[in-house]
Amino acid sequence: MSNHLQTLFTGRQLIELLEIDSTNNYSKELLSQNKPSEGTVIVAHKQTHGRGQPGNQWQAEAGKNISLSVIFYPTFLSADKQFFLNMAVSLGIKDFCESILNDEIKIKWPNDIFYLDKKIGGVLIENTVSGSNLQSSIIGIGLNINQTKFSNDLPNASSFAQIANIEFSIPELVNSLCNYLEKYYLQLRSLHFNFLDKAYTTSLFRYNHTSYFKKGNDLFKGEIMGVTKEGKLIIEANGKEFKFGLKEVEFVI
Ligand code: BTN
């Protein structure tokens, strides 16, 4: 897929900000004022309070990375199937990264983007629900692109530039990312749940490998089998299947 925008709606409206607390916060504000068109992208050069998964902050050097939010209206999706949106988004990002890096990228459950044992990106999705279906969704995406130094508290971080040894043009990458995101969003809109589930499961970091996990202070050996439709991680250990929600299990990396 090329670096030109080839989408029906994703990224057709692009709001570029020099500095903002968080593109997800800005999107929330926009949504509270009016109804931005579907696929509106808010991209920031610098975030002063980038947010990660609950309880975490997201650090990214100004001007060197992708920090953006996309607004979708997945009103066709029932709230109990909202994890399929995480799947579609993670798969779009994975394919995008692979097209640029020409190497295999994995999704560390639920939606960290991994190259080998290193995190190169993360996703923070914030949905609103109306009745039994989703109403709006803010898809926050952070990808490490041209940054080559990371603080000591991020020993697992890497970037496109560190992997490929070249610098990238952020605006071109943003266009291409929009193409891939829309491709998978359209799969979701066509309700291709089995396709998404299979593609997501087989893309999981440590899928089909026996590896170590931690639950509280307990270390155990197990194998990832997939995810439930609610998005819980299924791990087989000692011949039994266990299901874990967010923060209930840790990967030992
Ligand atoms: C994570 O891995 O913890 C999720 C990181 C998500 C970061 C992105 S950057 C753009 C958007 N705005 C935010 O404040 N967070 C997301």
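The lining of the largest cavity divides into four nonpolar, five polar and three charged residues, where Ala, Val, Leu, Ile, Met, Phe, Trp, Tyr, Cys and Pro count as nonpolar, Asp, Glu, Lys and Arg as charged, and the others, Gly among them, as polar. The model is predicted, with local features needing pLDDT of at least 70 and side-chain atom pairs counting only at pLDDT 80 or more, while totals for chains, interfaces and linings use all residues. Residues are numbered from 1 along each chain as its sequence is written, and side-chain values use heavy atoms, with hydrogens and water left out.

**Cavity**

- A search of the whole structure finds one cavity of 30 Å³ or more; on a 1 Å grid over the protein atoms alone, a cavity is a set of points where a 1.4 Å probe fits but cannot get out, and lining residues have an atom within 4 Å of a point.
- The volume of the largest cavity is about 50 Å³, a volume being the space filled by probe spheres set on the grid points, which are joined across faces, edges and corners.
- Among the residues lining the largest cavity are Q47, W58, E61 and K64, and the largest share of this lining, four residues, is supplied by strand β2 (residues 41-47); strands (E, at least two residues) and helices (H or I, at least four) are DSSP runs numbered from the N terminus.

**Largest pocket**

- About 1,000 Å³ of space lies in the largest pocket, a pocket being an open set of grid points with protein on both sides within 12 Å along at least five of seven lines.
- The lining of the largest pocket comprises 41 residues, of which Q53, N56, K108, D112 and K119 lie nearest the pocket's centre.
- By class, this pocket lining has 16 nonpolar, 18 polar and seven charged residues, and its largest share, four residues, comes from β6.

**Ligand site**

- The ligand sits in the largest pocket, in the sense that more than half of its atoms lie within 2 Å of the pocket's grid points.
- Around the ligand are 19 residues, of which S22, Q47, R51, Q53 and K119 come nearest; a residue is near a molecule if one of its heavy atoms lies within 4 Å of it.
- Polar contacts are pairs of N or O atoms within 3.5 Å, and the side chain of S22 places an N or O atom 2.8 Å from an oxygen atom of the ligand, whereas a polar side-chain atom of K119 lies 2.6 Å from a ligand oxygen atom and one of Q47 lies 2.9 Å from a ligand nitrogen atom.
- Of the 420 Å² of accessible area that the ligand has on its own, the protein covers 99%, with accessible areas taken from the Shrake-Rupley method with a 1.4 Å probe.

**Backbone features**

- A cis peptide bond, with omega of about 0°, joins W109 and P110, and P110 is placed in the loop between β4 (106-108) and β5.
- N102, although not a glycine, has a positive phi of about 50°, and N102 lies in the loop between α2 (83-101) and β4.

Notes:
A polar contact is a pair of N or O atoms within 3.5 Å; within protein, one must be able to donate a hydrogen and the other to accept it, and residues adjacent in sequence count only if both atoms are side-chain atoms.
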